[in-house]
Amino acid sequence: AQSVTQLGSHVSVSEGALVLLRCNYSSSVPPYLFWYVQYPNQGLQLLLKYTTGATLVKGINGFEAEFKKSETSFHLTKPSAHMSDAAEYFCAVPYSGAGSYQLTFGKGTKLSVIP
Amino acid sequence: DSGVTQTPKHLITATGQRVTLRCSPRSGDLSVYWYQQSLDQGLQFLIQYYNGEERAKGNILERFSAQQFPDLHSELNLSSLELGDSALYFCASWGGTVPNYGYTFGSGTRLTVV
């Protein structure tokens, strides 16, 4: 089964600094990769997804992620952090079997933005 | 509003009790997934229903059960509750059989067992 590993359960950045959240997947051929964001006391919201084609994927709120097959990575970046970016971020990969599709999530990375 | 509705938002109950969590999927979505989110386990897949039929099971305890009704809403039943069942329970819906756009999540039910 495919899985994802998120490095760093907690990342702190200063407002205006680069945000880099790391995600590595285990599989030789990932069909799809996702990043979700969870704001405090809310559900998860799709931030961006990689399917096929362009390896640099742009999402909402200025985030983007690059699929790097050679590194089995799908790191999430944002050039300049904003206070409103403080949230927990989850990388996910679909698992399919017996006609079912499920998302397997990483452990999550909590992003703190320091003013 | 994501279009996935979960009720109640908060639930406080005693050990040994039984509760029912409800989820209405996004209009037109046939698949409903239930996830449990806790501090120590993260997001754990519990169970999936597709158009009324159970499609997949994950780390769901025998004390837990679910069903999806003809109108496609789903209920997760948790019985003989223990302190460790305290968690956020999320429902998500998925519109098709091709996973190219991910889930749509509800805002969750926070269950506290005291």
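A salt bridge is taken here as a side-chain nitrogen of Lys or Arg within 4 Å of a carboxyl oxygen of Asp or Glu. The legends below describe close-up views of a predicted model.

**View 1. The interface of chain B and chain A.** Chain B contributes 24 residues to the contact, and chain A contributes 21 residues. About 1700 Å² is buried between chain B and chain A, with 58% of this area lying on carbon and sulfur atoms.

**View 2. The side of chain B that touches chain A.** At least two residues of this side come from each of the strands β4 (31-38), β5 (42-50), β6 (53-57) and β9 (87-94) of chain B. Sorted by residue class, the side of chain B that touches chain A comprises 13 nonpolar, eight polar and three charged residues.

**View 3. The salt bridge of B:Arg26 and B:Asp29.** Over all chains, the structure holds five salt bridges, and one of them joins the side chains of B:Arg26 and B:Asp29, with an N to O distance of 3.0 Å. B:Arg26 has a relative accessibility of 27% and therefore counts as partly exposed, whereas B:Asp29, with a relative accessible area of 4%, is buried.

**View 4. The salt bridge of B:Arg63 and B:Glu82.** The closest N and O atoms of B:Arg63 and B:Glu82 are 3.7 Å apart, and the two residues form a salt bridge. Because B:Arg63 lies in the loop between β6 and β7 (64-68) of chain B and B:Glu82 in the loop between β8 (74-78) and β9 of chain B, the pair ties together parts that are 19 residues apart in sequence. B:Glu82 counts as partly exposed, its relative accessibility being 43%.

View 5. B:Asp85 has a relative accessibility of 3% and so counts as buried. Taken together, B:Arg63, B:Glu82 and B:Asp85 are linked in a network of salt bridges.

Technical notes
Residues are numbered from 1 along each chain as its sequence is written. Chains are lettered from A and ligands numbered from 1 in the order in which they are written. This is a predicted model: local features need pLDDT of at least 70, side-chain atom pairs count only at pLDDT 80 or more; totals for chains, interfaces and linings use all residues. Side-chain values use heavy atoms; hydrogens and water are left out. Contact means heavy atoms within 4.5 Å. Buried area is the accessible area (1.4 Å probe) that two parts lose on being put together, summed over both. Helices (H or I, at least four residues) and strands (E, at least two) are DSSP runs, numbered from the N terminus. Ala, Val, Leu, Ile, Met, Phe, Trp, Tyr, Cys and Pro count as nonpolar, Asp, Glu, Lys and Arg as charged, and the others, Gly among them, as polar. Buried means under 20% relative accessible area, exposed over 50%, partly exposed in between (1.4 Å probe, protein chains only).
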